[in-house]
Structure formats: C-alpha cells, structure tokens
Amino acid sequence: MSLDSHMEKVLWTEDQIQDRVAQIASQITHDFRAAPHPPLIVGVATGAFLFLADLVRRIHLPISVDLVRAQSYGFATLSNGAPTISLDLKLDVKGKHVVLVEDIVDTGCTLSYLIGHLESKGASSVSVCTFLDKPARRKVDIELVGDGKFYKGFEKHPCTPRESREI
C-alpha cells in the first residue's frame with residue numbers, strides 16, 4: 001500500500017510546492033535585502049518544520065532561525081481557542097524583524113497569540129509566512145506588527161464534505 005493511497009486527489013504536486021516555496025523565499029529575500037539587519041525566522045514547532053527547512057534553504061540572507069511551540073489543540077482536532085506557549089524562543093527578538101513560519105493558519109487564534117507574544121518581547125516587526133492559509137475558518141483578525149507582511153504558499157477555500165477528505 002502506498003503512502004498516499006487513502007487520498008482521493010492531490011491538491012498540489014511536489015514540483016508545485018517547491019516552486020511556491022522558492023517564490024516565497026525570493027520575496028522574503030527581496031523584502032529584507034535592504035533592511036539594516038536580516039530577519040529572524042521563527043518556526044512554529046512542530047508542524048512547520050519541513051516547510052521551514054525548505055524555506056530557509058532558499059532565503060539568500062544571513063538569517064537566524066529559532067523555534068517556538070504553541071498549543072491550542074491539545075489532543076483534539078479543533079482549536080480550543082486558548083493557546084499556550086510550551087517552548088519559548090532562545091534568541092532575543094528585541095528590535096528585530098521576525099518572520100513567523102506556520103504550516104497552516106486556520107482560526108488565527110494561535111497565530112494572533114504568537115504575534116502578540118513576539119511584540120511583547122520587543123520585535124520591531126512581525127511578518128507571517130504560512131504554507132496553507134484557510135481564511136474562511138478565521139475567528140480572529142491577524143494583526144501584523146510594524147511593517148510586517150503576510151506570505152502564503154497556498155490558500156484553501158471552503159470545501160464540500162467530500163473535498164475535506166482530500167486535505
């Protein structure tokens with residue numbers, strides 16, 4: 001049995017994914033090339049680690065990378081809306097441009113909490129980079145910090161019950 005035998009449809013091929021990751025990395029490189037300091041890339045563990053690895057290999061700047069772990073799902077598949085940080089940053093973000101890398105932005109609760117957390121630690125700007133954005137499921141507005149930008153790989157619109165099995 002193959003690894004993807006349970007899927008009815010592949011939404012994006014490996015080539016499409018790698019092309020999109022390269023485009024985002026190029027945009028981040030372009031956006032921060034003239035900045036006085038390169039951005040700090042912060043991956044949201046553990047979901048974003050593959051996307052994070054592919055992304056940072058393609059950013060052509062002397063970046064630093066750190067991880068943060070936030071939880072709002074526990075053992076469920078639906079967010080409880082009350083995120084907590086279970087692993088905080090090791091690097092100082094004060095006065096730095098931070099690009100927060102997520103695998104999926106869904107309700108926005110965890111992301112909004114993390115943005116606030118980075119802002120409270122003194123980040124001069126917070127951008128978001130997500131592999132998959134699901135804006136139809138958003139429960140809170142995403143407010144970026146400073147000159148922050150929202151980079152997204154793919155966007156998933158509301159789906160029918162059949163399509164939900166494909167994700």
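Colleague: Which residue in strand 5 does L100 stand opposite?

Modeller: L100 stands opposite V128 in strand 5. First, the ground rules. This is a predicted model, so local features need pLDDT of at least 70 and side-chain atom pairs count only at pLDDT 80 or more, while totals for chains, interfaces and linings use all residues. Residues are numbered from 1 along each chain as its sequence is written, and side-chain values use heavy atoms, with hydrogens and water left out.

Confidence comes next. pLDDT is the predictor's confidence in each residue, from 0 to 100. The chain averages 87, and 86% of the residues score at least 70. Strand 5 (residues 125–133) has the highest mean in the chain, at 97. Helix 4 (residues 161–164) has the lowest, at 50. Over residues 163–167, pLDDT stays under 50.

Helices (H or I, at least four residues) and strands (E, at least two) are DSSP runs, numbered from the N terminus. The chain has four helices and six strands. Their order from the N terminus is α-β-α-β-β-β-α-β-β-α. In strand 4 (residues 97–105), seven of the nine residues are buried, so the strand is largely enclosed by the rest of the structure. Buried means under 20% relative accessible area, exposed over 50%, partly exposed in between (1.4 Å probe, protein chains only). Across the chain, 38% of the 167 residues count as buried.

Strand 4 has partners. Two strands pair if DSSP finds at least two bridges between them. Eight bridges join strand 4 to strand 5, and the two run parallel. The chain gets from strand 4 to strand 5 through helix 3 (residues 109–120), in a right-handed β-α-β crossover. Right-handed means that, with the strands pointing away from the viewer, the path from the first strand over the helix to the second runs clockwise. Strand 1 (residues 40–45) also pairs with strand 4 in the parallel sense, over four bridges. There, I41 stands opposite V99.

Next, the packing. A nonpolar core is a set of buried Ala, Val, Leu, Ile, Met, Phe, Trp, Tyr and Cys residues joined through side-chain atoms within 4.5 Å. The largest has 19 residues, and V101 and C129 are among those with the most contacts inside it. Strand 4 and strand 5 are among the elements that give two or more residues to this core. Helix 1 (14–32) provides the largest share, five residues. A second, separate core of 18 residues includes L100, L111, L118 and V126. Contact means heavy atoms within 4.5 Å. Beyond its neighbours within four places in sequence, C129 is in contact with residues including V99, L100, V101 and E102.

Rings of Phe, Tyr and Trp (its six-membered ring) pair if their centres lie within 6.5 Å; planes under 30 degrees apart count as stacked, over 60 as edge-to-face and the rest as tilted. The whole structure has three aromatic pairs. In one, the ring centres of F131 and F154 are 5.5 Å apart and the planes are at 65°, so the pair is edge-to-face. F131 sits in strand 5 and F154 in strand 6 (residues 150–155), 23 residues apart. Both F131 and F154 are buried. Together with W12 and F51, they form one aromatic cluster.
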